[in-house]
Each structure stands twice: as structure tokens, then as C-alpha cells.
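Please read the following briefing alongside the sequence and the coordinates.

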Amino acid sequence: MIKSFAFILAFVCSASIFAQNLQSPSGFLGYDIGTKFTRHHQVMDYFKHIEAQLPKQVKVEQYGQTNERRPLLLVYLSSEENMKNIEQIRENNLKNAGVLEGPSTTNDIAIVWLSYNVHGNEASSTEASMLTIYKLLTENKEYLKNTVVIIDPCINPDGRDRYVNWYNKTASVPYNIDQQASEHSEPWPGGRPNHYLFDLNRDWAWATQVETQARLKVYNKWLPHIHVDFHEQGINEPYYFAPAAEPFHEVISDWQRNFQTQIGENHAKYFDAEGWLYFTRERFDLLYPSYGDTYPTYMGAIGMTYEQGGHGRAGLGVLNDEGEVLTLVDRLTHHTTTGISTVEISSQNAKKLNTEFGNYFDNSKLLYKSYVLQGHADKIESLTLLLDKHEISYGFAQGGKVTGFDYWSSKQGQLNTTTNDLVVSTNQPKGKMVKVLFEPNTALSDSLTYDITAWSVPYAYGLGAIASKSNVNTNDKLRNGYATPVSNSSATGYVIEWNSMKDAQFLAELLKNNIKVRFTEKPFTTQGKTYNRGSLIIVRGDNKKVANFDDKVFDIAISNNRTPNAIISGFSTSGPDFGSPDIKLVNAPKIAILSGDYTSSLSYGELWHFFEQQLHYPVTSINTKDLSSTNLSKYNVLVMPDGYYSGFLNEDLTDKIKIWVRSGGKLIAIDGALNSFAGKDDFGLKRNQTEDSIENNQNKTIKYADRERDNTKNLITGAIFKTDVDNTHPLAFGYDDYYFTLKQGNTSYSLLDTGYNVAYLGDSPKNVSGYAGQEALKQLNKSLVFGEQRMGSGSVIYIVDNVMFRSFWENGKLFFVNAIFFVNNNLAEL
């Protein structure tokens, strides 16, 4: 008895000492949490401290690294028993979903994933992540008996440190609560986006960024039952939590809807007790698939966004419009409360969560069973790379006829398949995600949405497609690879067709290696093969100074999976010969892009990322504040991203740009940048607006409560339209005579009177997918999509619909490349 008592006493004492070694966030950091912003490396150190003190309950794993080399960490925590069996729990969960083979096994253990700080300047949530794990391990340990919690303390470390470092060096001591104080006004580009200025909360489905790509690899290893994305909103908003607003996508189950309400009610219990304000069922819907709430939802989870008032304007404390001082302490406390409440109700419903999670993966009731896609091999390959990121299975057709909805004609049709055609079936665990990504037109329960309403992958990738109600048989073997190119030292040159971004990357690398390249403006036939407009021609005679010419060309070709064809003679069977004026030299462009104030940081980031990570071609960024003193003669291409230039482009700057264009420069204006030139002298661009739409927009009899909904008739919320294309113009080389464009708003421009209307909408255009109001559609009659206007020796290229939007509209990118390399190629000499 004495020995037993001594043992118990020793155990209690050791546990007490152990508990003293586990420090709270405040104790570890050396300041009360919420009184300062914590730098990323300090946050990582705290979670590693937790792991060191409780190694049987906590595991820290680095799953990736940002562009600026900051680590991306996940933290796993649960009971000691669960952590011993963590791998079995994970595998059982995937078997329950059908992702892993084997008998379906239910864990009766809830898997809850909490993601923090996807937007860098919504910085309270990372602070909350530290307090949340501490409270779960000290005050709420009972929840961990049947719950595995996965914490991502900071999805966007580069953006967070950009914000935190700026704030820490600019804020007053003590902090200033005046909204007009400089510490409440971030400089461009702000801390919200990542290194390449992408919004990571819109990147889940498209996975263009390294942070997303790394996260998806580990997310798909777990497929949690609950996923929460912690955010902040404006300083005058209180707190938002589930349930979400309409529209809900139709694949969302009744259980997913209902359990969101249960979670919200659990949160409300704690908020009501403290007198904290909150709202639900407003603004934040569950439709667009690339968010941190929708993507997990379509993967079977209860996906949710929690929004705390604050954002980058709040700093450590700010006086809001209601006269309340909103502090960082308040914000992190609210996020900690909902985080723990989420774990609590998940623990209480662990068995039901597992059962309903397994039920979600029954896809037998989906209308379309197979999506069959046909098109250029490069485009098919590009799409398979996206599917691989999501671990979505696919195969290739066995040949034969497939009937169903034809995306190109927007009606029932048929397709004669080949063994090169891609087939993606909904008869797989992730079948509902397949439906969401591929469906021709998303069903909308409400036209008031938070984001775009169309994104269908076949349109985005420029592929012909049939949505079939039948299962299409497939071959699992890979497509035939590219033929190994063979050089010929006696050839007069090499030719390669122009069809895709792969061809653009090949051209860019050739130019960087000082290899001269030509392109044809007319089709020609040689050696029994016809080459269309835009085809690249590498002539030996142009490259006499290039040592080991053939070896260099083919090294570049192999690295880009290209197969140039050796041509013995420049004398064509039909069409222009190699020396024709219609076969022009590609003058390697010197490109500048505007950045900084007045430009959209997102649009600039899309272009920056495109040049560095996709095209691999050098550019120079010029800050708008420096444009007046910039020597533009050093560049022959100037790109203006989407932006708000009305307060920037004064008469002197506009004249400077016009003089530069007339001297042989090429100006490429994108989306909102066009507003700066519409109706201005020497620019042929004019806004397109009908009298009917003007009258309707001025309707003053609509009731106050109905104004927002009535205004939807004037909106286009990310809809897809089929445009006519003049593919004889260099801007459209590599395209058919039609193109599906993603239109994000109702701004439209008339067809150019003098110039080239390269892609445009005709009379009474209709959206093939997504929402477009009746009045907005009227404004699109005979409207420009892409065009070129000559000005002196140079050109202005108008890109109305941003082809770089979130970098996922793959089929639009070649228009931009053509604008750079092909259009009016008589570039000014430097």
C-alpha cells in the first residue's frame, strides 16, 4: 500500500513538473499573446516546443516550403492512444471513402483540420492557432479522445510576414486606434497574397501555387471530416460562422448542410454567453470550388469559413465606426473559441461524421457518368497534370462513338473517339469533385453569389468534350509520348507547329539562347505536310554564328518535349517560301510591366508568375510612381495589368505612352486598364452601352429591400461566352475560329472602327455557362473581346477579358503570348 501511494505521488509530481514545462503562448513568446504580432519563425518555434514537451500527443511535420523559403508546417494532435495508431486511423478513413482498397472501416474518430492565415494580413488567426492548441492540450483534453486535430498554423507565411514586418516597423507605441493612422493603411501590394501576389483562398482547385500544391498532397492523404478556414473581414463586421449562405452546390448533402447548422448553434452558445455579435447564412456561399470551404466540401468534408472582423486595417487595435475598439486580443479570442467549439462538437458526433463521410462517396446518382475530352495532345497533358494534383483518376478512350451533351455546340451531340481522347469518370471516390469541375453549367439556387459562377474545365482548357450519361470504357495505359526529335545537319531548317503553351516555352528558350526564329503568317506545305499560321521556322542561314546549331536546337527541343521537323529546302510545295515577307523574324522583345499603386496586385502577380514560372521569359517591372521618369525606349513591349489608372494617367503620361507607341512600341492593356483609353484622343476604343440598359440602371421605383436582387439583371458573375475569332490575325494564331471566354463583369467595348477585331461577340450573345443578367447581356451586343489598333509604327492591344485571371483559364494564355511575340512584329530597335 505504501509503495502504491509512493508511485501515485511520484506520478502526480512528475506530471506537475511536466505541465510546468509546457508553456503557454504568452510564456513562450515573452509577451502576452495579442499584444504584438508574432513573426512566422516564432510561431513555428512554439509548435515545435509543444511537440518537444508532448511527443506522445503532438507531431509536427513540414509539408512544403514557400517561394521565399519559409517552412509550411502541419501539427497533428490527439490522445496518446490515437497517436500510436495515427497511420491506421488515416488509412481506415481513406478506406471508408473508397480511396484506398480494402474492407471499409469506420474509425469512430473525427478528423478535424483547422487552417489559419491563408490571407497574410488576416493575421489574428495564426495567433489564435497557438492559443487553440494550448487550450486543447490543457483545458479540453477530453475532446482528443476520439478526435484527431490537424492544425496548419499559417498557410501563407510569405504574405503574413510581409504584413507583420510592415506593421511592426510602422506602428505607434502604444498603438493608435485612429482609422486614419498610417498603421491602418497598408502599402501596395498588402499582405493578403502570397509571394507571387496570388490569393491562395482562390487557388485550391487550380493549384497554381507551390503552397497549394504542397498542401493538396498531404490533404489528400487525410481527407478530413471537418475543414475550417479562418479569415478576417472588415473592421465594422462582427463575426461570421456557419451555416453558409445560398447558393449551395447541388452535390452538397443534406447532412453537410444540417451539420453546418449544428456547428453554428454550438458556436452561438459561447458567443451568446459573452455577448459577442455574430451572423450566419449571409454573403459566404458554397459554390465556386476553389475556396478553403468549398473544395473540402466537395471532398466529403464539412467545409467552413469563419470570418472575424479586423483584416489588415485593424492592427493591434482600431476604433471602428460603432465606437468600439477592436483589438487583436479580441480577434484571436473569438477565433480560439470557434476553433475549440468545432473540435468539441466534432468529438460529440464522431461516429456520425464517419458514417456520413462514407455515404458522401456514393456517386451512383450523378447524371453524367463520363466526361470525354478531345483536343491537342499538349492541352490533354496539361489537364492530366491538374487531375494528378487532386489524385483524380482518368483513362483514355478505346475508340468508338460517344453521345451526350456537346460543350462546343451546347446541345446533344456525339464524338468519334480515338485512343488519344481523355476520359474522366464520376465512378470513382472523387466523382462529385469531377462533376463540379467538369459540369457544363452549374445549377444556381440563387443568382447572388460571392464569386464567379462558371469555370468548366473543358472550356478553360480549350478541349472538345462530351458529357455522357453512360460509363465510357477506357484504357489505363498512358498516351503515346512525344517522338524523340532527330536532327539533320543537311537540313535548311526546322519547323514546329504552333498550338500550345509548350510551343511558347520552346520559343522563349530559343530566343533566350540567341537562336533566331521565324514564324509564318500564312499556311504553307512542304514535304507533304501543311503548317498553319504561327508555325515556327528555325532557319540554319539565320543562325550561322550559333556554334553547334543542331545540337543546341535539339537540346532545347528535348527539354521542352518538342519535335521539330527537319526541312531539306526552303522552297515550299505551296504557300510562302522561307524567304517570303510573310515568314517573319521573331524579334526578341524587351518587356516591361507596370506594378505598384493603381495596378491590381492580383493582376500584376498573375503576369509576374506567368513570365517567371510558365513562359520563363525575362521582364522588367516598373513601378507606376517611376513611369514619368522611365526611359521607355529601353523596352518595346509595355504591359498594363488590370488596374485603376484614372488617378494616375494624366495627360503628360498618356502623351508619353502614345509617342512611344508611335515610335514602334507595343502596349498591351488588360481588363480595367482599358478604361484609361476608352474615348481618349487617338485611341479607337469606346465603351459599349445601350440606351435600354442606361434607362434600366436608373430605375428609381425599386424598393430598398429589393435593390440588391434587382441589380443582378445588370451583372455578369463570371460567365462563359462563345466568341467569334479571326484566326488569320497574329493575335489568334493557334486558335480555331471560335473561343470560349470567361467574362467577369458587364463592362464592354464597341467593335473597333479602325483596327482589328480579333475576338468578339456578335448580335444577342448568350452565356453558355454561368450567370449573366438580361440587361448585362444587351450591353454585350457586337462587343470587343480582343483587338489590335495600329498607332504609327506601333500597336495597342486590347485584352478585354483577362486571360490570366487566377492563372486557370489555360486556353486563353496563347492570346497573350501571341500579343508579345507575333502581333506587329516590327518592334522598335533598342
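The expected span of a helix is taken as 1.5 Å times one less than its number of residues, where helices (H or I, at least four residues) and strands (E, at least two) are DSSP runs numbered from the N terminus. This is a predicted model, in which local features need pLDDT of at least 70 and side-chain atom pairs count only at pLDDT 80 or more, while totals for chains, interfaces and linings use all residues. Residues are numbered from 1 along each chain as its sequence is written, and side-chain values use heavy atoms, with hydrogens and water left out.

**Helix H16**
- The twelve residues of helix H16 (residues 501-512) should span 16 Å at 1.5 Å a residue, and this agrees with the end C-alpha atoms, which are 16 Å apart.
- Because nine of its twelve residues are buried, H16 is largely enclosed by the rest of the structure; buried means under 20% relative accessible area, exposed over 50%, and partly exposed in between (1.4 Å probe, protein chains only).
- The buried residues of H16 include Met501, Asp503, Phe506 and Leu510, and among the elements that cover the buried residues are helix H13 (377-389), helix H17 (549-559) and helix H23 (813-821), with contact meaning heavy atoms within 4.5 Å.

**Strand pairing**
- An open sheet of seven strands runs in the order E15-E14-E17-E12-E16-E13-E18 with antiparallel pairing, and its edge strands, E15 (411-417) and E18 (474-475), each pair on one side only; two strands pair if DSSP finds at least two bridges between them.
- Seven bridges join strand E14 (residues 400-406) to E15, and Thr403 stands opposite Gln414 in E15.
- Strand E30 (residues 716-725) is joined by four bridges to E33, to which it runs antiparallel, and five of the six residues of E33 (residues 767-772) are buried.

**Backbone geometry**
- A cis peptide bond, with omega about -5°, joins Val173 and Pro174, and Pro174 lies in the loop between helix H7 (157-170) and helix H8 (210-222).
- The peptide bond from Glu246 to Pro247 is also cis, with omega near 5°, and Pro247 is found in strand E7 (residues 245-248).
- Asn514, although not a glycine, has a positive phi of about 60°; Asn514 lies in the loop between H16 and strand E20 (518-520) and counts as exposed at 62% relative accessibility.
- Gln527, likewise not a glycine, has a positive phi of about 50° and is partly exposed, with a relative accessible area of 47%.
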